[in-house]
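Student: Before I use these labels, I would like to know what stands behind them. Can we go through them one at a time?

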Amino acid sequence: MLALAHAGAAQPSGKWPGAGFPSAGVRWLQEREIYPAGRPLLDRRLDATVVFDRRTPWSEGRALRQIRKTAATLEPCGVALGSVALARAEFPAEFRAVDVREIDPQTGVPVAVARLAALLPSGAPRPAGFLVGAVRGTTSLAVSYGTGSRAERQSPHADTAWISYRSHWLPRRDEAYSPLAHEFAHLLCRCGHVGGKVPHLLHGARNFLSSRVLPEHCDRILTSPLLRDIDE
């Protein structure tokens, strides 16, 4: 089992050095917070950042539930969550709801996404999940922005996911399903939605979404450059 630098006593929230939000505090989650029953012995790990807007219904507890579900979802693929930064921030008022219709001509991504992603500290682990009040301009309740070229991987919006609060409480057939896991899986496997008659994590139909990851998606996830060996 990997011994994390943050695996000791619970860490209090502190200021987030380098963050550009009007105000923000961060703490590194303890291993037992992510894996209450003990962390599985796996070969690959994913470090990540999750930041929630404190002026929306998101809370640390709700964010932690999404993180725990994500950990459980990735476990069958052989991936464990490693160092996870959980941040509580005040987003600029104009971006409390992320509108994806207005595109930034320089980045090619929505203005709100480009602006908010640029407020992350440069060393924040990726992928980064933003828990926001709402996502507007699309029928989706969550969206993500991956990378293609090497230059894109240096962009602030690279490997970010945007989760509306509505997606957290929406009733589902599989209560183990997590929209955070869904968007992180998109970023890890660099693939889109897939249909079919079997419910799974990346299904294109909302009523067919579940925590099950298809074997072919697990195979792609394990090739992601976002993963690290467990002993690194």
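Student: What share of the residues in the chain is buried?

Tutor: This is a predicted model. Of its 232 residues, 54% are buried. The label goes to residues under 20% relative accessible area.

Student: Why is D159 called buried?

Tutor: The relative accessibility of D159 is 7%, and the cut-off is under 20%, so D159 counts as buried. D159 sits in the loop between β8 (142-145) and β9. Its phi is positive, about 55°, although D159 is not a glycine.

Student: Why is R190 called partly exposed?

Tutor: R190 has 42% relative accessibility.

Student: How do you know that the span of α2 agrees with what a helix should have?

Tutor: α2 has 15 residues, and at 1.5 Å a residue it should span 21 Å. The end C-alpha atoms of α2 are 21 Å apart, so the two values agree. The buried residues of α2 are A63, L64, Q66, I67, T70, A71, T73 and L74.

Student: What makes a set of residues a nonpolar core, and which residues have the most contacts inside the largest one?

Tutor: The members must be buried, come from a list of nonpolar types, and be joined through side-chain atoms within 4.5 Å. The largest such core has 43 residues, and I34, L46, I67, L81 and I221 have the most contacts inside it. Among the elements that give two or more residues to this core are β3 (44-53), α2 (60-74) and β4 (79-90). α5 gives the most, with seven residues. A second, separate core has 28 residues, including V100, V111, V113 and A128.

Student: Which residues does L46 touch beyond its sequence neighbours?

Tutor: Leaving aside neighbours within four places in sequence, L46 is in contact with residues including L74, L81, R126, P127, F184 and L188. R126 and P127 are themselves joined by a cis peptide bond, with omega about 10°. P127 lies in the loop between α3 (111-117) and β6 (128-132).

Student: How do you know that the chain agrees with a compact globule?

Tutor: For 232 residues, a compact globule would have a radius of gyration near 17 Å; the chain has 17 Å, so it agrees. The C-alpha trace spans about 45 × 40 × 35 Å along its principal axes.

Conventions. Residues are numbered from 1 along each chain as its sequence is written. This is a predicted model: local features need pLDDT of at least 70, side-chain atom pairs count only at pLDDT 80 or more; totals for chains, interfaces and linings use all residues. Side-chain values use heavy atoms; hydrogens and water are left out. Buried means under 20% relative accessible area, exposed over 50%, partly exposed in between (1.4 Å probe, protein chains only). Helices (H or I, at least four residues) and strands (E, at least two) are DSSP runs, numbered from the N terminus. Contact means heavy atoms within 4.5 Å. The expected span of a helix is 1.5 Å times one less than its number of residues. The radius of gyration is taken over C-alpha atoms; the globule rule is 2.2 Å times the number of residues to the power 0.38.
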